[in-house]
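Please keep the sequence and the model open while reading.

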Amino acid sequence: MKNTFAWCGKEKNFAAVSNRCTHNGESLSKGKVNFANEIVCPLHGYQFDLRTGREYQQRAADLETFPIKIEADGVYIGL
Ligand code: FES
């Protein structure tokens, strides 16, 4: 199974990205999601868009993103 960080926002918008920061490998699950729906890495503060995986200033490679499917019985992540 891939090491994945999954997130659900206040508006029930979902995202799933790789949990490993592409800058230096920190676990993004230790970070926080900011007002722009970016996961902020706790080690050096790089900010990755949860929909695209792109780092805000393109200082690191994009995170891998995974498709989300919402069904009546749950939310599924395509790994
Ligand atoms: S390890 Fe994530 S920003 Fe450096």
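Strand 3 and strand 4 (residues 38–40) pair in the antiparallel sense over two bridges. Strands here are DSSP runs (E, at least two residues), numbered from the N terminus, and two strands pair if DSSP finds at least two bridges between them. This is a predicted model: local features need pLDDT of at least 70, side-chain atom pairs count only at pLDDT 80 or more, and totals for chains, interfaces and linings use all residues. Residues are numbered from 1 along each chain as its sequence is written.

**Sheet**
- V33 has I39 in strand 4 as its bridge partner.
- The open sheet consists of three strands in the order 3-4-5, with antiparallel pairing.
- Strand 3 (32–33) and strand 5 (47–49) are the edge strands, each pairing on one side only.

**Nonpolar core**
- The largest nonpolar core has twelve residues, including I39, C41, Y46 and F48.
- Such a core is a set of buried Ala, Val, Leu, Ile, Met, Phe, Trp, Tyr and Cys residues joined through C-beta atoms within 7 Å; buried means 20 or more other C-beta atoms within 10 Å, exposed 12 or fewer, and partly exposed in between, with C-beta atoms placed from the backbone.
- Strand 2 (residues 14–18) gives the most to this core, with three residues.
- Beyond its neighbours within four places in sequence, C41 is in contact (C-beta atoms, placed from the backbone, within 7 Å) with C21, H23, E26, L28, G31 and Y46.

**S29**
- S29 lies in the loop between strand 2 and strand 3.
- S29 counts as partly exposed because it has 14 C-beta neighbours inside 10 Å.
- Leaving aside neighbours within four places in sequence, S29 contacts F5 and N19.

Terms used. Helices (H or I, at least four residues) and strands (E, at least two) are DSSP runs, numbered from the N terminus. Two residues are in contact if their C-beta atoms, placed from the backbone, lie within 7 Å.
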